[in-house]
Amino acid sequence: MSQPATHSSFEFLRRQTVKSLNLVVEEYRHRATGAQHIHLASDSPENVFMVALRTVPEDSTGVAHILEHTALCGSEKYPVRDPFFMMIRRSLNTFMNAMTSSDWTAYPFASLNRKDYFNLLDVYLDAVFFSRLDPLDFAQEGHRVEFAEPDNPDSPLVYKGVVFNEMKGAMSSPVSTLWHTLGKYLYPTTTYRHNSGGDPECIPDLSYQQLRHFYETHYHPSNAIFMTFGDIPAATVQERIESQALARFQHLDVEIAVPDEKRYLAPLRIEEAYAFDEEASTDDKTHIVMGWLLGSSTNLLESMEAHLLSSVLLDNSASPLLQALETTDLGSAPSPLCGLDDSQKELCFVCGIEGSETDRAEAFEQLVTEVLEQVARDGIPEEQVAASLHQLELQQREITGDSYPFGLQLLMTALTSATHRGDPIALLDLDPVLETLRQRIADPQYIKTLARRLLLDNQHRVTLVLRPDPELSARRVQAEMDRLAAIKADLDDNGKQAIVEQAEALKKRQASKDDDSILPKVGLDDIPSEMAYITPVEKLPTPLPLTSYGVSTNGLVYQQVILRLPPLSEDEVDLLPLYAGVLTELGVGNRDYLATQLWQSRVSGSLTASVSARGTPLDTETLAGHLVLSGKGLARNQEELTRLMAETLDQVRFDESDRIRDLVAQRRARREASITGHGHSLAMLAAASGLSAASRLAHLWGGMTAISALKTLDKSLNDTAQLETLSNRLHALHDKLRDLPRQYLVVGEPERLDNYKSTLIAAFPAGVWTGEQEPFTVPSSSVSSQTAWKTSTQVNFCATAYPTVPSAHPDAAALTVLGGFLRNGYLHTAIREQGGAYGGGASQDNYAGTFRFFSYRDPRLGETLADFDASLDWLQRDDHGWQPVEEAILGVIGALDKPASPAGEAKQAFHSELYGSTREQREAFRNRVLTVTLADLQRVAAEYLTPQRRHSAVITSSTRAGELADQGYQVLSL
């Protein structure tokens with residue numbers, strides 16, 4: 001293989017073809033600084049860039065996290081206040097972000113447009129290596145003290161800052177507290193004992209001088225890893241990296257690295273507390289987890305052995321350890337931390353339960369030890385081990401990219417090894433090590449030996465008992481108030497005046513308008529004239545209604561069975577999400593659920609069921625609903641995958657009552673734990689729930705109402721009669737659904753589609769997808785226009801919603817552009833910069849026909865809701881010009897044109913058409929977006945976003961909810 005073209009400033013080191021991913025990996029080193037460049041040469045037009053820095057904090061002040069935020073607030077070449085967010089709206093990017101991990105900070109972006117790619121590259125390079133780090137930006141993004149009334153020194157002091165509030169929200173989650181507390185003891189001497197995001201109690205300890213020092217040592221090219229993916233040659237990117245940044249640097253003789261952890265000589269058991277702010281009892285709210293420190297994440301064979309053992313123990317309900325965790329009476333559900341973490345220098349394996357009590361820790365340790373001893377003594381059936389290895393192979397081969405760009409996911413895979421100076425290329429080409437494991441599992445002693453060596457004989461083990469403490473939040477609040485009072489008591493008049501002046505200077509800076517013309521941009525002329533669209537290879541009406549898409553899937557096949565839902569009773573509609581959730585988790589035919597789980601693991605990458613319902617592009621009240629059974633697997637297993645799907649629909653068992661009870665408990669635990677991470681989405685669902693049938697159903701199935709109903713159901717199932725009733729209800733619903741009209745979808749490589757079709761026709765009964773039928777119905781309900789949901793949180797999530805129109809209406813395009821226009825021009829400054837929330841914005845939901853405002857991890861309530869209204873006044877009042885309209889249009893087009901994986905795009909196209917959104921309609925909508933004017937935005941806001949149409953909802957703490965009750969809000973509890 002010939003050497004690729006290389007820029008003279010870089011030294012070519014090696015290249016390797018990875019056939020399973022259809023790419024070539026190239027490695028280079030910058031001659032002057034030693035910076036590493038990993039390039040993944042691919043024929044993909046979605047090019048990805050990432051520069052990562054090894055960041056190793058020595059405390060929990062959040063220095064790396066706050067620096068990540070502050071570095072993006074202006075640089076030498078682009079001395080504007082907020083170039084990062086400005087570029088988001090001046091770009092056609094398909095991904096743009098920055099992120100801080102426990103030992104690295106990364107700045108990635110992706111774009112399909114080359115002009116846009118190099119625009120972003122220039123801005124990112126300048127932000128990372130030549131950041132201004134203005135003290136006011138540190139105060140805004142990190143932390144500061146202000147008087148509660150900013151110009152009144154007699155008012156109390158308060159803490160403010162975007163990261164400060166973000167981490168208050170993050171640490172409101174018991175699971176986050178669990179992870180960080182476990183890390184403190186599992187890694188007692190290295191950086192991982194600290195909270196790299198920042199502990200709210202420690203963040204105020206960080207000084208601006210400490211931030212600058214961290215930047216000077218950690219943000220140097222000698223400590224940098226450049227990573228690129230796509231069809232732009234490495235030498236082309238290297239030329240820009242050299243000319244825009246690296247030419248100004250020489251090697252820095254400082255090696256930033258994480259040392260190996262010192263090992264315990266005996267296991268440790270720890271008990272700590274987490275803040276429990278709910279009004280309910282603390283009974284059965286304790287988390288118990290066990291963690292083991294394993295080997296180096298850069299040793300590929302050791303890492304894959306640990307992955308294999310973790311999969312064997314925890315992959316599915318037939319896996320011995322997960323089976324024990326799911327069925328034990330010691331807790332209500334397995335811990336969300338269960339599994340292997342390979343994101344740090346040394347691996348760790350964790351298992352645990354939630355919904356427990358402190359006095360069950362010893363019994364839990366005994367349970368886990370007994371399972372591991374049994375595995376070490378008796379081994380695991382070879383079929384089960386092979387199924388786990390099959391899952392690792394699937395993960396290696398699948399072309400993902402439906403959330404993150406595929407290229408970025410590959411770069412992130414390689415980053416951990418590169419961070420710790422391992423071999424990043426080896427992590428991308430797992431076929432050789434998979435073959436080694438395939439040979440080793442033939443030895444019956446292999447898994448036995450792994451279980452003993454990695455876990456049973458491993459003395460570096462921590463058992464953590466994390467109990468609820470209803471008083472902890474109050475003590476923290478009081479400690480914060482005492483600290484602020486002490487600071488104020490030490491202030492002289494000059495000190496007080498300095499705080500007042502800083503608040504005024506920051507307010508002035510936030511209100512200033514920068515000259516954004518110095519930033520590069522793309523315009524409407526750079527937008528492709530047509531949207532990309534995947535069309536089916538065949539749409540077969542008989543003997544089986546089958547739609548086939550031929551795309552590159554790297555040896556995988558994706559299949560779906562789609563059943564059209566009939567009119568259902570209110571009880572049946574309520575039951576549908578749970579029915580879909582348990583459908584693929586129960587036994588099938590003569591197999592119990594354990595045997596079925598093993599069958600699934602052996603032949604499929606996943607088997608899931610879901611329900612969905614949407615209106616048409618012209619009507620959000622008349623809904624069509626569908627049950628979708630989805631499976632994926634390797635091409636060689638397609639026949640067996642098809643049989644699995646057919647038997648699941650025809651022979652699923654609802655007589656496994658204990659299993660159903662366990663599944664409900666697990667589902668409840670997952671949904672409750674998701675609130676603080678998805679609070680803005682839940683608040684928007686609540687706010688919009690009374691505005692259309694589609695919105696009402698979304699809240700019923702996926703909102704706070706759904707979580708509340710699930711919690712009530714879970715509590716009721718301790719009654720055997722109630723459990724039997726639930727099993728019978730599920731069975732009756734299944735009998736009503738399984739013989740409904742069906743159609744089928746298959747996505748795979750074109751040359752395999754004929755074989756796939758033959759298999760599907762042979763496996764499923766002949767049928768016809770009929771035309772019109774009675775629409776799916778949604779229960780009506782009375783919804784307050786102002787609701788407040790109480791949960792355990794230190795921050796708030798606010799939302800306001802208005803009824804609007806669906807996608808095919810002529811005004812939908814303008815409403816969609818309006819969301820970005822309000823976010824870019826007003827909400828970002830008011831809610832994030834001035835209000836201190838981690839995020840905020842607005843968007844049009846064309847499926848539900850609603851327009852929603854939201855805030856995320858927000859210290860405020862009423863002020864934020866007022867800012868939503870004020871943004872509409874600003875829209876009508878100020879003279880805006882064309883540029884912000886163009887920027888909002890670019891954002892919408894970028895989202896519409898954002899690519900998914902090939903299989904993902906095929907499925908998206910199919911389901912859009914299933915609900916009546918044809919290619920022609922989607923292109924018409926895109927074309928209307930391109931013609932939106934400022935007058936259109938002002939007109940649709942005046943018509944649809946009026947006070948009398950407004951509905952609001954917040955998710956907050958019990959204390960803050962009480963304030964809203966006095967303002968007429970309906971206060972609801974989970």
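**Figure 1. Six residues, Glu383, Arg591, Arg602, Glu640, Arg643 and Glu647, are linked in a network of salt bridges.** The view is taken from a predicted model. Arg643, at 35%, is partly exposed. By the rule used for such pairs, the count comes to 70 salt bridges.

**Figure 2. A salt bridge joins the side chains of Arg81 and Glu833, with an N to O distance of 2.4 Å.** This pair links distant parts of the chain, 752 residues apart. Arg81 is in the loop between helix H1 (63-71) and helix H2 (83-88), while Glu833 is in helix H28 (residues 812-834). Are the two partners buried or exposed? Arg81 is buried, with a relative accessible area of 10%. Glu833 also counts as buried, because its relative accessibility is 2%, under the 20% limit.

**Figure 3. The side chains of Asp878 and Arg877 meet in a salt bridge of 3.0 Å, N to O.** Asp878 counts as partly exposed at 29% relative accessibility. Arg877 has a relative accessibility of 58%, so this residue counts as exposed. Side chains of opposite charge can pair when their charged atoms come close.

**Figure 4. Glu149, Asp151, Asp154 and Glu504 form a negative surface patch.** One of these residues, Asp154, is placed in the loop between strand S8 (144-147) and strand S9 (157-160). The relative accessibility of Asp154 is 68%, and Asp154 therefore counts as exposed.

**Figure 5. Thr542 and Pro543 are joined by a cis peptide bond, with omega at about 0°.** Pro543 sits in the loop between strand S17 (538-540) and strand S18 (546-550).

**Figure 6. Arg421 has a positive phi, near 60°, in a residue other than glycine.** The loop that holds Arg421 runs between helix H13 (406-419) and helix H14 (424-428). With a relative accessibility of 38%, Arg421 counts as partly exposed.

**Figure 7. Arg857 has a positive phi of about 50° although it is not a glycine.** Arg857 is found in the loop between strand S26 (850-856) and helix H29 (862-877). Its relative accessible area is 11%, so Arg857 is buried.

**Figure 8. Gly230 lies in strand S10, which covers residues 224-230.** Gly230 has a relative accessible area of 2% and is buried. How far apart are Gly230 and Leu733 in sequence and in space? They are 503 residues apart in sequence, and their C-alpha atoms are 48 Å apart.

**Figure 9. The protein as a whole has 34 helices and 28 strands.** Along its principal axes, the C-alpha trace spans about 80 × 65 × 65 Å. For 974 residues, a compact globule would have a radius of gyration near 30 Å, and the 28 Å of the protein agrees with this. Of the 974 residues in the protein, 60% are buried.

Technical notes: Residues are numbered from 1 along each chain as its sequence is written. Side-chain values use heavy atoms; hydrogens and water are left out. Patches are made of residues with over 30% relative accessible area and no salt bridge: like charges are joined within 9 Å, nonpolar side chains (Val, Leu, Ile, Met, Phe, Trp, Tyr) within 5 Å. Accessible areas come from the Shrake-Rupley method with a 1.4 Å probe; for residues, only the protein chains shown count as cover. A salt bridge is a side-chain nitrogen of Lys or Arg within 4 Å of a carboxyl oxygen of Asp or Glu. Lys and Arg count as positive and Asp and Glu as negative; His and the chain ends are not counted. The place of a charge is taken as NZ of Lys, CZ of Arg, CG of Asp or CD of Glu. Helices (H or I, at least four residues) and strands (E, at least two) are DSSP runs, numbered from the N terminus. Buried means under 20% relative accessible area, exposed over 50%, partly exposed in between (1.4 Å probe, protein chains only). The radius of gyration is taken over C-alpha atoms; the globule rule is 2.2 Å times the number of residues to the power 0.38.
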